[in-house]
Amino acid sequence: MRYLSTRDASGDASQRFCDILIGGLAPDGGLYLPESYPQVDDATLTSWRRLLEEKGYAALAHAILSLYIDDIDSEDLLGICRRAYTAEKFRTEDIVPVTRLDERLALGHLSNGPTAAFKDMAMQLLGELFEYELARRDQSLAVLGATSGDTGSSAIFALKGRARIHVFMLSPLGRMTPFQQAQMFSVDDPKVVNLAVDGVFDDCQDIVKKVASDLEFKELHRLGAVNSINWARLLAQVVYYVACWIRCTERNDQQVSFSVPTGNFGDVCAGHVAKQMGVPIDALVVATNENDVLDEFFRTGVYRVRRSAETQETSSPSMDISKASNFERFVFDLLGRDGARTAELFSGLGTGEGFDLSDVPALAQARSRYGFRSGRSTHADRVATIAAVDKEFGVVVDPHTADALKVAFDVLDGDDVATPVVVLETALPVKFAETIREALGHDPETPEAFAHLADAERHVTEIDNDADLVKKIIVETLT
Ligand SMILES: Cc1ncc(COP(=O)(O)O)c(C=O)c1O
Ligand SMILES: N[C@@H](CCOP(=O)(O)O)C(=O)O
């Protein structure tokens with residue numbers, strides 16, 4: 001399989017998987033996608049069903065990843081998957097258990113990993129892939145990432161202690177929950193550098209892209225990416241769509257839909273990839289919080305990015321995002337993979353512009369061909385949903401999952417989706433105690449592994465929103 005950039009007008013798919021794994025963002029500022037989506041037939045779906053049942057999640061991951069990775073020996077890739085997806089790390093043999101709430105609703109549990117968020121599903125694999133490839137190249141990597149609360153911890157826990165890797169993680173100052181801050185900043189490791197930026201997540205992500213676009217700097221300091229701009233993140237996430245579909249169905253002609261709490265559009269974009277491969281997925285429901293740029297797009301065709309000052313601070317803080325990176329991948333597909341047009345639309349976003357596709361005939365396909373639906377949820381909605389789901393099903397969900405449940409109820413009640421909906425649970429409630437207390441009147445359960453966090457010492461430097469300053473810190477740390 002070869003890969004191309006969403007901004008490459010020539011359509012030249014010349015990159016191999018391990019090159020883009022290490023490269024992260026494409027040199028032209030675009031995001032990598034495979035030249036085509038491998039198509040799965042009935043026999044393949046049946047074999048995946050058997051594989052998951054008989055050999056487990058790691059074996060399923062190996063089968064799916066093998067369709068996209070042809071520059072890692074198959075046995076080595078299997079070893080990588082087995083090391084990434086263990087019952088010890090994910091606290092369950094199933095890795096991704098599914099709870100059926102009723103005949104039309106299920107929860108896909110993605111947050112049983114080391115940092116209690118779905119980011120671990122991809123990040124544990126990324127850690128193993130980096131280790132393997134860097135050893136093969138005898139190289140080091142300086143990972144520069146941005147987080148709104150969960151990617152940061154997940155990356156740090158997956159990468160710390162790996163000899164060839166430094167981690168520089170940018171987070172929006174004061175905008176994460178106390179638990180998220182404690183989890184991330186408690187790591188005491190000279191090769192892990194936490195930088196709290198005076199700004200919002202989008203500012204942090206802009207810095208990452210700006211620094212990575214300085215190709216000389218990137219090459220000199222061997223800069224890598226762990227955000228979902230890295231294709232490997234999305235690829236790993238495709239696997240749990242397949243696993244959830246298998247766990248909710250008995251036959252290959254049965255479809256399910258997914259409701260996905262959405263911020264940077266990475267999670268639901270992995271669902272888009274799975275659907276394009278032929279996995280029997282009906283609707284992909286994009287559930288946003290009050291930062292509803294994507295809901296607005298799917299309703300109107302207008303992509304109106306908000307400036308930092310307009311990005312609201314909400315009680316599902318990990319989704320406080322107004323410039324969704326991976327949306328570029330979907331628009332590239334929607335526009336028939338027109339790299340020149342995609343470059344034109346997305347290169348203006350840095351200056352706060354958006355675009356309007358309401359007149360483009362292909363927009364209708366967002367729903368008809370690609371299955372997208374959307375909706376938004378507010379603070380009042382998520383608090384009410386957490387309380388209602390606890391009362392009706394005896395399950396406590398985190399605020400992000402509550403947003404997806406709220407929108408799932410909307411589309412089901414409005415008869416907009418006729419297939420069972422799997423709501424992706426993206427974090428554990430322990431990370432968002434204040435909102436849980438407001439909804440339920442008591443604290444969320446604290447798993448034993450996190451009991452020590454509240455008192456841990458913090459390791460973080462507060463900095464201005466300044467890409468040059470970040471470069472300076474990277475240089476000083478690496479030399
Ligand atoms: C808990 C949680 N839920 C949902 C999301 C949204 O996922 P995505 O950015 O892939 O759309 C994030 C982060 O973005 C998150 O941390
Ligand atoms: N919600 C994320 C934001 C970054 O998204 P990513 O999927 O691109 O890494 C977070 O919690 O940090």
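**Close-up 1. The shell around ligand 1 divides into 5 nonpolar, 7 polar and 3 charged residues.** Here Ala, Val, Leu, Ile, Met, Phe, Trp, Tyr, Cys and Pro count as nonpolar, Asp, Glu, Lys and Arg as charged, and the others, Gly among them, as polar. This is a predicted model, where local features need pLDDT of at least 70 and side-chain atom pairs count only at pLDDT 80 or more, while totals for chains, interfaces and linings use all residues. Residues are numbered from 1 along each chain as its sequence is written, chains are lettered from A and ligands numbered from 1 in the order in which they are written, and side-chain values use heavy atoms, with hydrogens and water left out. In total, 15 residues surround ligand 1 (a heavy atom within 4 Å), and the closest are D150, G263, N264, D267 and T426.

**Close-up 2. Backbone and side chain both reach ligand 1.** A polar backbone atom of D267 sits 2.8 Å from an oxygen atom of ligand 1, and one of F265 is 3.0 Å from an oxygen atom of the ligand. T426 brings a polar side-chain atom to 2.8 Å from a nitrogen atom of ligand 1. On its own, ligand 1 has 380 Å² of accessible area (Shrake-Rupley method, 1.4 Å probe), and the protein covers 98% of that.

**Close-up 3. Here's ligand 2, with 13 residues surrounding it.** The closest are T147, S148, D150, T151 and S228. The shell has 2 nonpolar, 8 polar and 3 charged residues.

**Close-up 4. Oxygen atoms of ligand 2 meet T147 and T151.** For T147, a polar side-chain atom lies 2.6 Å from a ligand oxygen; for T151, a side-chain N or O atom is 2.7 Å from one. The protein buries 96% of the 330 Å² that ligand 2 exposes when taken alone.

Methods
Polar contact = N/O pair within 3.5 Å; in protein donor to acceptor, adjacent residues only side chain to side chain.
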